[in-house]
Amino acid sequence: STQETDENLEKVQASKAEDFVEWIPNNIKSSVIDVPPVDASISATFVTNTTALKAMFQRLASQFSALYKRKAFLHWYKGEGMDEMEFQEADKNVVDLITEYQDKQDATVDGDEDEDM
């Protein structure tokens with residue numbers, strides 16, 4: 001039920017309060033869909049945004065760079081009408097995203113040090 005879901009989320013948020021940033025007071029959102037998938041009686045999805053995702057994006061960027069450097073599979077995309085500049089732009093966007101996650105991670109660490117003083 002929706003009420004049960006909300007109560008459990010409140011318990012998690014209360015017990016793990018130190019893991020949540022204080023400048024986002026309502027940082028957990030929930031939604032309950034009463035219609036299960038056709039092939040299952042119940043289903044759940046959890047979506048999160050954390051600086052731990054930075055490592056995944058770094059891995060993605062390094063794998064992409066290795067393939068792009070060798071021009072691997074590029075001909076398939078060019079054949080479908082993509083331009084090589086789109087790949088460079090996508091790479092830049094991922095690098096910017098990694099930098100943003102690093103800034104947030106550094107801000108959290110800096111904020112924790114300020115509290116100790």
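Predicted model: local features only at pLDDT ≥ 70, side-chain atom pairs only at ≥ 80, totals over all residues.
**Exercise 1. Describe the secondary structure and the burial of the protein.**

Solution. Start with the elements: four helices and zero strands. Their order from the N terminus is α-α-α-α. Helices (H or I, at least four residues) and strands (E, at least two) are DSSP runs, numbered from the N terminus. Next, burial: 7% of the 117 residues count as buried. Buried means under 20% relative accessible area, exposed over 50%, partly exposed in between (1.4 Å probe, protein chains only).

**Exercise 2. Decide whether Ile98 is buried or exposed, and list what Ile98 touches.**

Solution. Locate Ile98 in helix H4 (residues 84–116). Its relative accessible area is 13%, so Ile98 is buried. Leaving aside residues up to four places away in sequence, Ile98 touches Lys54, Phe57, Gln58 and Ala61. Contact means heavy atoms within 4.5 Å. Take Lys54: 44 residues from Ile98 in sequence, 5.6 Å away C-alpha to C-alpha.

**Exercise 3. Find the salt bridges and trace their network.**

Solution. A search of the whole structure gives three salt bridges (side-chain nitrogen of Lys or Arg within 4 Å of a carboxyl oxygen of Asp or Glu). Glu84 pairs with Lys71 at 2.6 Å, N to O. This pair links distant parts of the chain: Glu84 lies in helix H4, and Lys71 in the loop between helix H2 (53–69) and helix H3 (74–79), 13 residues apart. Glu84 also bridges to Lys78, with the closest N and O atoms 3.2 Å apart. Asp96 pairs with Lys92 at 2.9 Å between the closest N and O atoms. Both Asp96 and Lys92 lie in helix H4, four residues apart, about one turn of the helix. Finally, shared partners join Lys71, Lys78 and Glu84 into one network.

Key:
Residues numbered from 1 in each chain as written. Heavy atoms only, no water.
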